[in-house]
Amino acid sequence: MATSSFTKKTLGVEANDSGKARSADSGQPAFPKKPKITPSKAKRREIPEGLWTKCPKCSLMLYDKELDENLKVCKQCSHHFPIGARERIHSLVETCSFEEMDAEMTSVDALKFTGASSYASKLDAYRKNTSLKDAVITGIGKINSIRVALGVMDFQFLGGSMGSVVGEKLTRLIETGTAKELPVVIISCSGGARMYEGMLSLMQMAKTCAALAYHGRSRLPFISVLTHPTTAGVMASFATIGDLIIAEPAAMIGFAGPRVIKDTTQSELPPGFQTAEFLRDRGLIDAIVSRKEMKGRLTSYLEFMTEGRTARHA
Ligand SMILES: [Zn+2]
């Protein structure tokens with residue numbers, strides 16, 4: 001026991017030293033700092049779990065706090081880690097400007113679906129573990145000075161799948177956008193339709209698209225932002241009918257999985273198939289925007305797309 005705690009302590013000190021040495025390279029010598037590390041300080045730093053994350057792309061160890069401050073983007077290779085819906089909303093809208101809609105709406109197990117475990121028990125578990133009610137958060141907020149109807153999906157809740165609640169919340173958001181003459185921005189992240197709800201989940205594809213058609217008829221813009229991964233039923237409905245479709249770098253975007261396509265077409269898939277970059281080069285996506293630039297770019301796009309309208313109403 002004693003040996004293991006000693007090892008941990010040593011590791012803690014080493015981590016601390018290397019962290020400091022980088023920033024203080026040009027200034028004071030590192031040597032006098034060493035005695036300042038008291039055993040209690042070293043002990044506080046000995047908890048490695050949940051403190052560091054290894055970048056899957058470049059293998060750099062990233063300090064979690066720093067990673068959060070950087071909007072979950074690797075500082076070395078710009079790999080975009082998954083980000084929760086609430087964090088994303090926080091990164092986009094002005095503080096305290098977001099009024100959430102239908103926050104208490106929850107899914108019901110209409111088909112009494114049972115598989116390895118029942119849909120009802122899955123819903124319960126995900127609600128507890130993610131502190132989300134379902135896979136999307138919607139509301140009205142301000143991105144810089146522009147009021148928008150904003151919907152953000154969260155992959156943590158049942159793979160961001162679209163069931164009746166996701167479809168209904170998005171539809172209400174779009175309809176509110178139409179009624180209040182606001183642009184709609186939806187940030188997608190989804191494995192597709194929620195199969196536990198069968199046909200009911202597929203109907204959400206038509207419902208969201210119909211609401212967007214009415215929104216479009218009012219000459220209001222809809223910006224669709226695709227993040228890793230956006231696939232299947234979501235990709236086959238509202239996510240691909242944006243007036244402007246943008247994506248985060250290297251996001252996986254597609255309808256069916258690569259294996260299914262390969263088996264069906266009996267041909268080799270080209271390199272980079274189903275990535276945001278591949279689709280941009282072939283005209284399916286208008287632009288690739290890194291998460292750190294997202295707020296600024298959305299602001300310019302929205303300003304451009306609503307310019308005439310603002311003038312007419314002024
Ligand atoms: Zn990296």
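**Confidence first**

pLDDT is the predictor's confidence in each residue, on a scale from 0 to 100. I note that this is a predicted model, in which local features need pLDDT of at least 70 and side-chain atom pairs count only at pLDDT 80 or more, while totals for chains, interfaces and linings use all residues. Residues are numbered from 1 along each chain as its sequence is written.

I looked up the chain average: the pLDDT is 85, and 83% of the residues score at least 70. Over residues 1–26 the pLDDT stays under 50. For that stretch the model has 15 contacts beyond four places in sequence, a contact being two residues whose C-beta atoms, placed from the backbone, lie within 7 Å. Helices (H or I, at least four residues) and strands (E, at least two) are DSSP runs, numbered from the N terminus.

**Two helices**

I compared spans with expectation, which is 1.5 Å times one less than the number of residues. Helix α5 (residues 119–130) has 12 residues and should span 16 Å; its end C-alpha atoms are 16 Å apart, so that agrees. Just after α5, Ser-131 has a positive phi of about 50°.

Helix α7 (residues 198–217) has 20 residues and reaches 30 Å from first C-alpha to last, close to the expected 28 Å. Which residues of α7 are buried? I found Ser-201, Gln-204, Thr-208, Ala-211, Leu-212 and His-215. They cover an arc of only 100° around the axis, which puts them on the same side of α7; the arc is that of the directions from the helix axis to the C-beta atoms. For the record, buried means 20 or more other C-beta atoms within 10 Å of a residue's own, exposed means 12 or fewer, and partly exposed is in between, with C-beta atoms placed from the backbone. The cover over the buried residues includes α6 (164–179), β6 (184–190) and β7 (222–231). On the other side of α7, Met-199, Ala-206, Ala-213 and Arg-217 are exposed. Arg-219 follows α7, with a positive phi near 60°.

**Around strand β5**

Strand β5 (residues 146–153) has 6 of its 8 residues buried, so it is largely enclosed by the rest of the structure. I went through its partners, where strands pair if DSSP finds at least two bridges between them. Strand β4 (residues 136–143) runs antiparallel to β5, joined by 8 bridges, and Lys-142 stands opposite Arg-147 in β5. Their hairpin has 2 residues between the strands, and Asn-144 takes a positive phi near 55° there. β6 runs parallel to β5, with 4 bridges; Gly-151 stands opposite Ile-186 in β6.

Most residues other than glycine have a negative phi, and most peptide bonds are trans. I listed some departures from that. Leu-71 has a positive phi near 55° and lies in the loop between α3 (64–69) and α4 (85–92). Is Leu-71 buried, exposed or partly exposed? Leu-71 counts as partly exposed because it has 18 C-beta neighbours inside 10 Å. Cys-96 has a positive phi near 65° and sits in the loop between α4 and β3 (99–101). With 8 C-beta neighbours inside 10 Å, Cys-96 counts as exposed. I also found a cis peptide bond from His-228 to Pro-229, with omega near -15°; Pro-229 is in strand β7.
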